[in-house]
Amino acid sequence: MSSSTAVPGSRPIAETAPLSLCALEPRVPADRLVAEMVPPPRFDSVRFDTYVPDPAQPSQIEAVKVLDAFTAGLGGAHATGTGKRKWFGGKKPAAPSGPRGVYLDGGYGVGKTHLLASLWHATPAAPSLKAFGTFVELTNLVGALGFQQTVQTLSGHRLLCIDEFELDDPGDTVLVSSLLSRLVEAGVALAATSNTLPGKLGEGRFAAADFLREIQGLSSHFRPLRIDGEDYRHRGLPDAPPPYSDEQVTRAAYATEGASLDDFPALLEHLARVHPSRYGALTDGVRAVCLTEVQPVPDQSTALRLVVLADRLYDREVPVLASGMPFDRLFSEEMLNGGYRKKYFRAISRLTALARDAKGLVAQ
């Protein structure tokens with residue numbers, strides 16, 4: 001098909017070919033990882049008063065009240081920004097008593113990230129003294145800076161927000177538990193979201209008993225706050241559009257400025273060659289992602305990489321137009337019933353929302 005071919009009643013295909021994510025291998029310097037620890041673009045303007053609780057879920061209303069009170073209590077927290085505390089009289093102050101953080105537990109789509117970002121925005125401190133990132137981004141930061149440098153970098157902060165707190169292996173459990181313990185000792189307040197209560201982290205994944213002690217120590221830093229409800233991304237909304245044809249997706253990619261176009265299996269292979277910490281940079285400047293031949297992911301490692309990409313696309317509000325199978329058939333029944341099931345359901349939920357956003361890209 002010629003790049004300038006047109007079909008009566010449709011938009012012509014542009015002369016310039018769309019981007020290919022498979023052709024990109026971004027490099028992300030460590031200082032960018034630190035500077036980007038802020039709420040993602042989707043949550044730039046969210047606040048407590050823009051959160052719309054489900055009237056049928058009292059826990060959502062209560063969560064806003066608790067978090068608002070928690071924010072007010074951060075006004076007196078330290079904010080030196082140096083990563084080092086100054087102690088007078090030669091004595092180190094006593095470690096704060098009681099939990100130094102809140103932990104938002106609930107299913108996907110109940111607005112946990114909205115509330116966490118609202119907490120970040122409401123905290124009375126300069127952006128450089130507040131950090132916001134996913135659990136994966138936090139572990140990537142440690143990998144880039146080293147443990148001691150990460151402790152020094154974050155110890156001067158007033159607040160650290162961790163979204164989608166997931167402990168996928170014992171090594172990450174020990175790493176993050178040690179990091180948060182050091183930060184709490186330095187006076188940093190913590191806030192986190194997850195689909196699992198702190199004391200239940202690790203259940204259904206690997207051998208939870210092998211690192212239960214670390215999990216219990218970690219949970220002591222947080223006050224659990226349960227948030228019930230249905231997935232707001234689909235509450236009262238029509239079903240996601242069915243997959244389009246390869247031709248429709250290709251035409252939309254050529255007709256949309258800043259769109260990418262990739263074969264889905266090839267993209268999955270490419271993700272294995274790019275570290276997940278770079279998936280955000282992979283989508284820099286991309287205004288729409290167009291995928292052909294979507295099919296079930298072949299294995300769990302591939303599936304978990306796709307989850308990270310789905311999170312980055314959702315954070316950046318990048319619509320996803322696809323042909324092949326619908327997104328609710330990406331993961332096998334075994335995956336959806338396994339230890340990572342909540343991650344997979346979150347990815348389906350977010351990709352479905354992005355597919356709904358992409359409907360306008362297809363010529364009617």
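Predicted model: local features only at pLDDT ≥ 70, side-chain atom pairs only at ≥ 80, totals over all residues.
Now step back into helix H4 itself, which covers residues 135-145. Which residues of this helix are buried? They are Phe135, Leu138, Thr139, Asn140, Leu141 and Val142.

**Rings that meet**

The structure holds five aromatic pairs. A pair of aromatic rings is described by the distance of the centres and the angle of the planes. Take phenylalanine 135 and phenylalanine 165: their ring centres are 5.1 Å apart and their planes meet at 40 degrees, so this pair is tilted. The two partners come from distant parts of the chain, 30 residues apart, with phenylalanine 135 in helix H4 and phenylalanine 165 in the loop between E3 and helix H6 (170-185).

Another pair, phenylalanine 331 with tyrosine 344, is stacked, with 4.6 Å from centre to centre and 20 degrees between the planes. Here, too, distant parts of the chain are linked: phenylalanine 331 is in the loop between strand E8 (320-324) and helix H12 (333-336), while tyrosine 344 belongs to helix H13 (residues 341-357), and 13 residues separate them. Both phenylalanine 331 and tyrosine 344 are buried.

Back to Phe135 and Phe165 for a moment: together with Tyr103 and Phe222, they form one aromatic cluster.

**Charges over rings**

| Charged residue | Ring | Distance to ring centre |
|---|---|---|
| Arginine 42 | Tyrosine 314 | 3.8 Å |
| Lysine 130 | Tryptophan 120 | 4.2 Å |

Arginine 42 lies over the face of its tyrosine, and the charged end of lysine 130 sits over the ring of its tryptophan.

**Two buried loop residues**

Histidine 157 is in the loop between helix H5 (147-155) and strand E3 (159-163). Why does histidine 157 count as buried? Its relative accessibility is 9%, and buried means under 20%. What does the side chain of histidine 157 reach? At 3.3 Å it reaches the backbone oxygen of threonine 153.

Valine 286 is in a loop as well, this one between helix H10 (279-282) and strand E7 (288-294). With a relative accessible area of 7%, valine 286 is buried. Find glycine 258 next: it is 28 residues from valine 286 in sequence, yet their C-alpha atoms are 5.3 Å apart in space.

How many cavities of 30 Å³ or more turn up in the whole structure? The search finds two. What classes of residue line the second largest cavity? The lining has ten nonpolar residues, no polar ones and no charged ones.

Technical notes:
Residues numbered from 1 in each chain as written. Heavy atoms only, no water. Helix = DSSP H or I, 4+ residues; strand = E, 2+ residues; numbered from the N terminus. Buried < 20%, exposed > 50% of the residue type's maximum accessible area, 1.4 Å probe, protein only. Polar contact = N/O pair within 3.5 Å; in protein donor to acceptor, adjacent residues only side chain to side chain. 1 Å grid on protein atoms, 1.4 Å probe; cavity = no way out; pocket = protein on both sides within 12 Å on 5 of 7 lines; lining within 4 Å. Points joined across faces, edges and corners; volume = space filled by probe spheres on them. Nonpolar A, V, L, I, M, F, W, Y, C, P; charged D, E, K, R; others polar. Phe/Tyr/Trp six-rings, centres within 6.5 Å; stacked < 30°, edge-to-face > 60°. Lys NZ or Arg CZ within 6 Å of the ring centre and 35° of its normal.
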